[in-house]
Amino acid sequence: MPTDGEVLIEVRNLEKSFGDHVVLKDINLDVHRGEVISIIGPSGCGKSTFLRSINLLEKPTAGSIVFEGTDILAPDTDVDVLRRRIGMVFQNFNLFPHKTVKENIMLAPVKLKIMTEEDASTKADELLTRIGLLDKADQYPSRLSGGQQQRVAIARALAMNPDVMLFDEPTSALDPEMVGEVLNIIKNLADFGMTMVVVTHEMGFAREVSDRVLFFNDGIIAEENTPDEFFGNPQNERLKDFLSKIL
Amino acid sequence: MNKKQWITVAIIIVMLCVAGGTWYATSHNDDREVLIVETSPDFAPFDYTIGEEFVGIDMDIVRAVCNDMGCDVKFRQNTFDSILVSVPQGKADIGASGFSITPERAESVLFSDPYFDIHQVVVAPANTDIETFEDVKDKRISVQNGTTGADYAAEISTNARTNVIYQASYQSVILDLLNGKADCEIVDEAVGISQAASHPELKVLDILTESPIEQYGFIFSKNNTELQERFNSSLAKIKENGILQQIIDHYESNGYSADTPSFFSYKGTLVVETSPDFPPFEYMYGTEYAGIDMDIVRALCNDMNYRLEMRSNTFDSIILSVGQGKCDMGAAGFTMDPDRQALFSDPYYTIKQVVVVKEGSDIQTLDDVKGKKISVQTGTSGADYAETLSNNIIYQKAYTEVILDVLNGKADCEIVDSAVAEAQVARQPNLKILDITDAEPEYYGFIFALGNQELCDEVNTSLAKLTENGTIDKIIDYYAKNDFKEIPSYYSSQEIEDEDDENAGGFWADLWDRFYNDFLKFDRYNYIFEGLKNTLIITASALVIGLALGAMLAVVRSIHDLTGKMRAINTVARAYITVIRGTPMMVQLLLIYYVVFASSDNSILIASIAFGLNSAAYVAETFRSGITAVPKGQMEACRSLGMSNWMAMTTVILPQALRNVTPALGNEGISLLKETSIAGYIGIIDLTRGADIIRGQTYDALFPIIVVAAIYLAIVLVLSHLIKRLERRLNSAY
């Protein structure tokens, strides 16, 4: 378990509120290189907000987030540059409907001049092979199933060669028979040592793949443990309650 | 799309292409006859050159005559003797080199009617002792060989063999005088004056009263009687209308000196705006400006040596236009009124207000008019006067509409200047004039920008001269003699046509006559083509400006909505959209034309910008709603990949928004096309204005308006079809 590796993301005293409504209070977390962290919790507990705070899709109200040594909340930080190293996969895929599968993957690297057109094309083919969708390269997303779309979304994020991947309930919008194919891809990433933070409701997946599991409740990390302890011997009453309902 | 629709669209496209093609062809089909004129340019003031230009009385008369004949002139240089050979051989059409009409020459060439009478004078050094004809007889006389002066010298000299010196050129003759080798010279009067003008040490003695009177004529080939006749008839015309005398006066007033520029080498261009819907003062005869004002302006320009450029505008706008220097002078029957923001010339016409009613009206006295429904043209003094009589007044933009009001019973009467009333009654026999008003007589003047006193004075001087020599009266008489009907300009080469239709044909023949009148006569269809061209240009350019600027505004607004950034630009953008959407297009157009771009007169460009700026505001809001309809996740996905707001907008959001709003944008394009129909207000001939002009000329509203409506409809159908196809393609894309 690589919890003793280099700290990639360091979250300290993070707070977020929308007006009077406090969503996150005093969150502290270190994400180490190569580590896979799952976040579970009831809806509205702030887990998605926390994940989206990491790449500043939500702006925290207080606290600090240091990513690879850079304070991403500092006013002079170029967030766009940092985001290139933080991949994100959304619940609703958010593929670009007017671009083909391959164009979706190539768009950002080429537009941001990180890769040449040829390099990006090679990379896209490689990623499509990896997710098993090379034959869909020239299709528009609307022709793909939900599971396939999510796989493409993962490939699109990977095309930027990120240092960490954030997954925001990647299987929640999928029909049950498609959940597996997406989780397999994520597991595969974990096997290759990708650092990942996954907000999920898939307990089996969390138990199998994670190095650590966090339980968010009422805007705080109510429990944090190894998967075996977390699921086998939960301490927090709310967690016990939560697990009893969904397992 | 089924087959029928395809055929319709194809027909419409072919129609438009033919329209465009015809316009192109007619506007480039300028094959005027060119006449080659030979001259020996060493005979000031008749024939000489300044730089490359052929100048002199002969040259200018040839220009004026050929202009009247509708031909172009090409001048060529030759020696005096050789011209007498090359013209008969047909190498040149006309010889113009101060040819005296003699029976000998008439053997080999045809002469035109004489255009100049001349006699011989004596030129001598200023300190000469010659005083009378008798004194000359014993003197040493220098002459140019072969001239009338040479013959006459030989005749009167007491000792011709020793005392007459025959030189080959006038230069040598003058040297003889200057060097004292001769005591005097005998030469044609005008040439003598010209020489004395160039050499102050010489003077002219007009003492040869017995010398033969000679006449100058132009020469043609012996077998070219057709050209001779045409030339003579046009020559008669420029004698009659005074242009010939003006040309000669021009040289005389410059002392016949050899550096006098051509009468036709203008001092500059005078841009004159008029509102040609006000017969008999200004109207279009075919494509030609005609009317009393127009012809007085022509006479003025001839007299002042200005090239004349006429433009049409609406009556109200001319005053603005003059004030801003978009034109030099306004000539549209302007009543001299101290309230008008312009400088007035001296009056050239006096007028009083009369009432025009339909035959059978119960209006008989001024009291009857009070409280009646009166139709007037906006901005005229008739309008002001009408306000004192009634508060039930219809204000029309053009007299055409005023007459229609009276004819159709929409108004009980109109109040109008008497000359105009006479012209109207001449055309519409069921109208009659009632001379019952108590309005003060008024005076028409031309208008200039306040402060342009210089031009005003110049025009006044010339106007006084033209009044003095009867030119103005001649012009007014010409129109009066023709009952103030719409006839070709006094200076036009067009014949007056008898427009009284014999009402012979039945309904269809009548309809055909109207159609013929509206479109075919005088090539009036050109107004429609010109209008179509301008309408399409303005719509297309405005659409481009609107789409580009509108998209930019939408992006700014959306980014601000999303992130709160770009606050300052967003405020500007929002203010812009509010102002544009909150004011009428018409007002914006006038504002941009008369205020923002006051110093430019490229009205098509200005209109394109105005319509483009207007369209941008609507396009911006359309685009913004399209952007809002794109799911928020799209933006988040872009940002999570490290793209900037701007890049995300332009590469991901806008293309999707575009598909959402294509139908709305199509509608915007269609309404833009139709909105351009107000472009006429800034003097552009667009499709609508084209129909307006025809209507103003023929008093027929039916055909021009229906045809124009059909053209708009055709364009809209084509546009809708294209938009539908684009939509379908976008929808099938992903």
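Two strands pair if DSSP finds at least two bridges between them. In this predicted model, where local features need pLDDT of at least 70, side-chain atom pairs count only at pLDDT 80 or more, and totals for chains, interfaces and linings use all residues; side-chain values use heavy atoms, with hydrogens and water left out. Residues are numbered from 1 along each chain as its sequence is written, while chains are lettered from A and ligands numbered from 1 in the order in which they are written. Helices (H or I, at least four residues) and strands (E, at least two) are DSSP runs, numbered from the N terminus.

**Sheet in chain A**

- Strands β6-β7-β8-β3-β9-β10 of chain A form, in that order, an open sheet of six strands with mixed pairing.
- Its edge strands are β6 (86-89) and β10 (220-225) of chain A, each pairing on one side only.
- Neighbouring strands of this sheet are turned by 20° against each other on average, direction ignored.
- Axes are lines fitted to C-alpha atoms, for helices over the stretch in contact, and angles run from 0 to 180 degrees between N-to-C directions.
- Strand β9 (residues 212-217) of chain A runs antiparallel to β10(A), and five bridges join the two.
- A:V213 stands opposite A:N225 in β10(A).
- Helix α6 (residues 176-191) of chain A packs on the sheet and touches β3 (36-40), β7 (164-168) and β8 (195-199) of chain A. The direction of α6 makes about 150° with that of β8(A).
- Contact means heavy atoms within 4.5 Å.

**Salt bridges**

- A salt bridge here is a side-chain nitrogen of Lys or Arg within 4 Å of a carboxyl oxygen of Asp or Glu. By this rule there are 36 salt bridges over all chains.
- A:E6 and A:R33 meet through their side chains in one salt bridge (2.9 Å, N to O). A:E6 lies in the segment before β1 (7-18) of chain A and A:R33 in the loop between β2 (21-32) and β3 of chain A, so the pair ties together parts that are 27 residues apart in sequence.
- A:E6 is partly exposed, at 44% relative accessible area; A:R33 is partly exposed, at 37%. Buried means under 20% relative accessible area, exposed over 50%, and partly exposed in between (1.4 Å probe, protein chains only).
- A:K47 forms a salt bridge with A:E169, with the closest N and O atoms 3.8 Å apart. A:K47 sits in helix α1 (residues 47-54) of chain A and A:E169 in the loop between β7 and α6 of chain A, so this pair ties together parts that are 122 residues apart in sequence.
- A:K47 is buried, with a relative accessible area of 4%, and A:E169 counts as buried at 11%.
- A:E58 and A:R52 also meet in a salt bridge (3.2 Å, N to O). Both A:E58 and A:R52 are buried.
- A:E6, A:R33, A:E68, A:R85 and A:D163 are joined into one network by salt bridges that share partners.

**Chain B**

- Chain B has 28 helices and 28 strands.
- Of the 734 residues in chain B, 52% are buried.
- Among contacts in chain B with a separation of 6 or more, 73% come from residues 24 or more positions apart.
- Chain B exposes about 32600 Å², of which carbon and sulfur atoms supply 54%. Accessible areas come from the Shrake-Rupley method with a 1.4 Å probe; for residues, only the protein chains shown count as cover.
- In helix α11 (residues 243-253) of chain B, the buried residues are B:I243, B:L244, B:Q246, B:I247, B:I248, B:H250 and B:Y251.
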